Amino acid sequence: FVSRTSGSSGFVRDDFYDWPAEAPKVVAAEKPAVIVVMLGANDRQQMTVKGTREAVLSDAWKAEYQARAEKLARALSQSGVPFVWVGVPSFKPSSMLRDMLDFNDFYRAAAEGTRAEFIDIWDGFVDEAGAYIQTGPDINGQPVRLRADDGINLTAAGKRKVAFYAEKPLAKLLGDLVAPGVSAAMPATPLTDA
């Protein structure tokens with residue numbers, strides 16, 4: 001597993017780091033068997049669209065964000081390496097929680113548009129009513145702290161739970177590359193991380 005992250009990056013600030021342009025270079029350098037994409041936490045900010053600063057989730061912002069997500073999905077698809085796109089979990093701040101639902105819709109559409117699998121982890125980080133949880137069941141059903149105090153970052157147990165969600169889709173893609181009796185899931189080490 002190779003983690004190729006760029007902290008504070010995402011799709012909004014492509015002047016800071018342009019994932020659709022950089023991802024093919026990472027793929028060429030690393031030659032992965034499969035790619036895991038997970039980003040978005042830093043993208044709740046204005047975005048410049050055709051020279052105009054657009055508010056988060058305005059119509060122009062949404063259209064541009066979706067286009068950028070699709071551009072990354074196409075770039076990865078053209079690499080010939082299979083990939084999965086892991087959605088974002090809920091966040092404690094209520095405005096962030098609502099926005100992350102929209103973000104997951106963007107990611108799902110981008111992944112499915114290139115026949116990649118979108119991995120929805122949302123239900124693993126909310127209660128029965130759909131509200132954010134700080135503590136919840138781990139992969140064995142035992143109560144653990146899943147989130148850091150900020151209500152955004154994941155604890156080690158939270159990261160392991162994300163990896164658990166990705167395990168079956170990754171094992172299906174990796175096939176015989178996963179040795180019998182060896183779990184395909186490791187602590188979450190996504191290609192992208194924002």
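Okay, let's start with two helices: the axes of α2, residues 59–78, and α3, residues 94–112, come within 8 Å of each other and cross at roughly 40°. Those axes are lines fitted to C-alpha atoms over the stretch in contact, with angles running from 0 to 180 degrees between N-to-C directions. So α2 is oblique to α3; under 35 degrees would be roughly parallel, over 145 roughly antiparallel, 65 to 115 roughly perpendicular, and the rest is oblique. The crossing of α2 past α3 is right-handed, meaning the near helix is turned clockwise from the far one by less than a right angle.

Before I go on, this is a predicted model, where local features need pLDDT of at least 70 and side-chain atom pairs count only at pLDDT 80 or more, while totals for chains, interfaces and linings use all residues. Residues are numbered from 1 along each chain as its sequence is written, and side-chain values use heavy atoms, leaving out hydrogens and water.

Who touches whom here? On the α2 side we have W61, K62, Y65, Q66, A69, E70 and A73, and they meet F103, D105, F106, Y107, A109 and A110 of α3; contact means heavy atoms within 4.5 Å. Sorted by type, that's nine nonpolar residues, one polar and three charged.

Staying in α2, have a look at R74. With a relative accessibility of 41%, R74 counts as partly exposed, the class between buried (under 20%) and exposed (over 50%), using a 1.4 Å probe and protein chains only. The C-alpha atoms of R74 and A110 are 8.3 Å apart, though 36 residues separate the two along the chain.

Now α2's other partner. Helix α1, residues 19–30, packs against α2 at about 20°, with the axes 8 Å apart, so α1 is roughly parallel to α2. α1 also passes α2 in a right-handed crossing. W19, P20, A23, P24 and V27 come from α1, and R68, K71, L72, A75 and L76 from α2. That contact has eight nonpolar residues, no polar ones and two charged.

Zooming out, what's the whole thing built from? Four helices and seven strands, counted as DSSP runs: H or I of at least four residues for helices, E of at least two for strands, numbered from the N terminus. Their order from the N terminus is α-β-β-β-α-β-α-β-β-β-α.

And the overall dimensions? The C-alpha trace spans about 55 × 40 × 25 Å along its principal axes. Of the 194 residues, 44% are buried. Finally, among contacts between residues at least 6 apart in sequence, 64% join residues at least 24 apart.

How values were computed:
Nonpolar A, V, L, I, M, F, W, Y, C, P; charged D, E, K, R; others polar.
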